[in-house]
Every structure is written in C-alpha cells, then in structure tokens.
Amino acid sequence: VAYPPYRRMAVDDTAKVRVPGGLDTIFNRQTNNGLNVLTEKGTAVFFEKPGKNNVYYAFHNATPRNSIIKVFNPGTGKTIYVKVLGPLPNTKLYSGSIIGISTAAKEALGVTENKAWCELSYTMN
C-alpha cells in the first residue's frame with residue numbers, strides 16, 4: 001500500500017507567542033475560535049496608560065467594554081491582543097483613527113511612531 005507523503009502543517013506565527021495576560025484565549029472564546037469575527041482596517045493611535053504593562057488596553061467605538069480585539073500590524077507582521085476600556089474619547093488625539101492603544105503595545109507591534117496602520121479583528125455583537 002502506498003501512502004501519500006507526510007506534510008507538515010503550517011502553524012500561525014501568533015500561536016507560538018505567549019500573549020501577555022492570556023487575552024488570546026479570551027479572544028478565541030469570544031469569537032468562537034475566529035469563526036465569528038468582524039474585521040476593520042485603519043489608523044491606530046497610542047495613549048499613555050499608567051499601571052501594569054502586562055495587558056494592552058484600547059479604546060474602540062464598535063466593541064463593548066472588556067471585549068478583546070486582535071490587532072495586526074501589516075507593516076511589521078506582528079499581532080497583539082488588547083482589552084477594550086470603552087469608546088474612543090472625542091478629542092483631537094483620536095481624530096481619524098479607528099482605535100486607541102496603550103503605549104505599552106507599541107514595541108510589541110513594532111511601531112515607533114505615534115500612529116500606525118492596523119487591521120482589527122473582533123467579535124460580532
């Protein structure tokens with residue numbers, strides 16, 4: 001009996017990275033393992049968030065408080081997960097952006113500027 005050649009399955013790079021705070025697990029639970037997802041592309045801005053830096057926080061208008069959003073930076077190929085604090089404040093800093101992310105996440109996303117293009121994935125409500 002001839003068996004087909006063994007093929008190694010490619011694993012998503014983000015699966016290999018330990019995500020601070022375990023937000024990837026919560027994201028998978030909220031999105032039914034990525035089956036119940038909306039995507040959005042646009043500009044992210046960064047804000048100072050004092051306190052612990054092991055969890056990344058964000059402001060976003062389309063998701064409820066405590067939701068988890070997967071943020072992908074196509075320029076660097078890096079992905080993080082953020083916990084939503086609430087809607088974007090109506091200030092000049094957030095004008096024209098789709099999300100505000102705590103500065104602790106800048107390095108994890110490979111960003112050096114105060115704004116970055118990103119792709120968001122989050123649960124449908």
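## The main core

Let's start inside: the largest nonpolar core has 19 residues, and Ile-69, Val-71, Ile-80, Val-82, Ile-99, Ile-101 and Leu-120 touch the most other members. Strand 1, strand 2 (56–59), strand 3, strand 4 (78–86), strand 5 (99–102) and strand 6 each give two or more residues to this core, with the largest share, four residues, coming from strand 6. A nonpolar core here is a set of buried Ala, Val, Leu, Ile, Met, Phe, Trp, Tyr and Cys residues joined through side-chain atoms within 4.5 Å, where buried means under 20% relative accessible area with a 1.4 Å probe, protein chains only.

Apart from this core lies another, of eleven residues, including Val-45, Phe-47, Val-55 and Tyr-57.

## About the model

This is a predicted model, in which local features need pLDDT of at least 70, side-chain atom pairs count only at pLDDT 80 or more, and totals for chains, interfaces and linings use all residues. Residues are numbered from 1 along each chain as its sequence is written, and side-chain values use heavy atoms, leaving out hydrogens and water.

## Strands around strand 6

The protein chain has three helices and six strands, taken as DSSP runs (helices H or I, at least four residues; strands E, at least two) numbered from the N terminus. Their order along the sequence is α-α-β-β-β-β-β-α-β.

Strand 6 (residues 115–123) pairs antiparallel with strand 1 (residues 37–47) over nine bridges; pairing requires at least two DSSP bridges. Within this pairing, Thr-43 has Trp-117 as its bridge partner. Strand 3 (residues 68–73) also runs antiparallel to strand 6, joined by three bridges, and Phe-72 is partnered with Glu-119.

Methods. Buried < 20%, exposed > 50% of the residue type's maximum accessible area, 1.4 Å probe, protein only.
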